[in-house]
Amino acid sequence: MEDVIKEIPPPSRFFQEDLNNFIFPSPSLASPFLVFSIPKPEKPLRPSLLIVALSSPSLYIFHHLSPKTLVGSLILPEVPFSGLSVEPSFRDKTCNIYSLNNGDKSTLLVSVQHGVSAERSHLVARLLIGEDIVPDRLLILDSIQSQNFRGKLSPDETYAFKLETLAERKGLGGSNVASSLLKGLDYFPSGSMIDGFAAALLSRCQLKKTKGTLCVSWPEFSSSVVALIRSLLQRNVLPSLDLSLTQEMQDQCARFNLIKHQPYDTEMYT
């Protein structure tokens with residue numbers, strides 16, 4: 001006699017998409033939004049420069065930058081608030097917006113300490129560029145993904161490249177040569193690819209005809225790449241700010257290999 005419990009069931013007479021018709025659809029994920037600590041701010045905010053820090057080296061540098069003023073946060077409903085520290089921490093899964101005292105230029109920093117999934121990238125990019133915030137210029141700091149790079153990346157070597165929108169590159173000609181944000185930095189090699197949130201931000205800039213620069217670095221985290229990004233920022237972007245790291249901070253860079261947070265699975269929180 002056959003064992004009806006252990007016997008492999010016969011194939012279904014329905015296609016998978018037909019079976020899905022009997023299942024209630026998952027509730028849609030709530031839209032991300034910005035919360036400002038300033039009571040009734042004049043929106044949209046119009047900074048001269050908006051910096052979006054995605055890479056671990058840039059997050060590390062700006063975490064230790066003082067002073068900076070917290071002006072708001074980007075809230076993604078799929079990212080839980082549990083486990084957050086009272087004081088801002090480099091390891092918290094947060095996305096805070098700070099105002100930097102950059103001389104006579106109004107500068108905002110968005111410190112993205114968690115991943116943004118591919119399906120949410122363009123929605124978040126619209127929030128940061130062209131809706132609640134309308135920057136004159138954008139700088140994105142991200143890491144090179146080895147699987148998207150055409151060529152060999154040695155873990156013992158340090159690299160940094162840039163990509164620019166058409167509006168940014170137009171400023172390179174004529175008498176406006178000095179307008180390039182990252183002067184002297186090589187362009188990202190042809191045949192390599194940028195994807196994810198950084199690509200969504202840069203494409204949003206291109207769509208809005210905004211000056212935008214994406215700086216990608218390798219490796220994901222090391223004391224040498226932290227020094228490289230700090231030097232680029234100090235020389236070209238934020239010359240009026242003190243971005244130097246204490247000996248204790250440099251020792252911490254050498255001890256820890258901090259890994260970029262991976263994007264959340266949005267299905268987990270629906």
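Which element gives the most residues to the lining of the second largest pocket? In this predicted model, local features need pLDDT of at least 70 and side-chain atom pairs count only at pLDDT 80 or more, whereas totals for chains, interfaces and linings use all residues. Residues are numbered from 1 along each chain as its sequence is written, and side-chain values use heavy atoms, with hydrogens and water left out.

Strand 3 gives the most to this lining, with four residues; strands (E, at least two residues) and helices (H or I, at least four) are DSSP runs numbered from the N terminus. The pocket, an open set of points on a 1 Å grid over the protein atoms alone, where a 1.4 Å probe fits, with protein on both sides within 12 Å along at least five of seven lines, has a volume of about 310 Å³, taken as the space filled by probe spheres set on the points. Of the 26 lining residues (an atom within 4 Å of a point), Leu84, Lys93, Thr94, Cys95 and Asn96 are the closest to the centre of the pocket. Two or more lining residues come from each of helix 2 (56-63), strand 3 (68-75) and strand 4 (95-102).

Helix 2 is mostly covered, with seven of its eight residues buried (under 20% relative accessible area, 1.4 Å probe, protein chains only); among them are Leu59, Tyr60 and Phe62.

Key
Buried means under 20% relative accessible area, exposed over 50%, partly exposed in between (1.4 Å probe, protein chains only).
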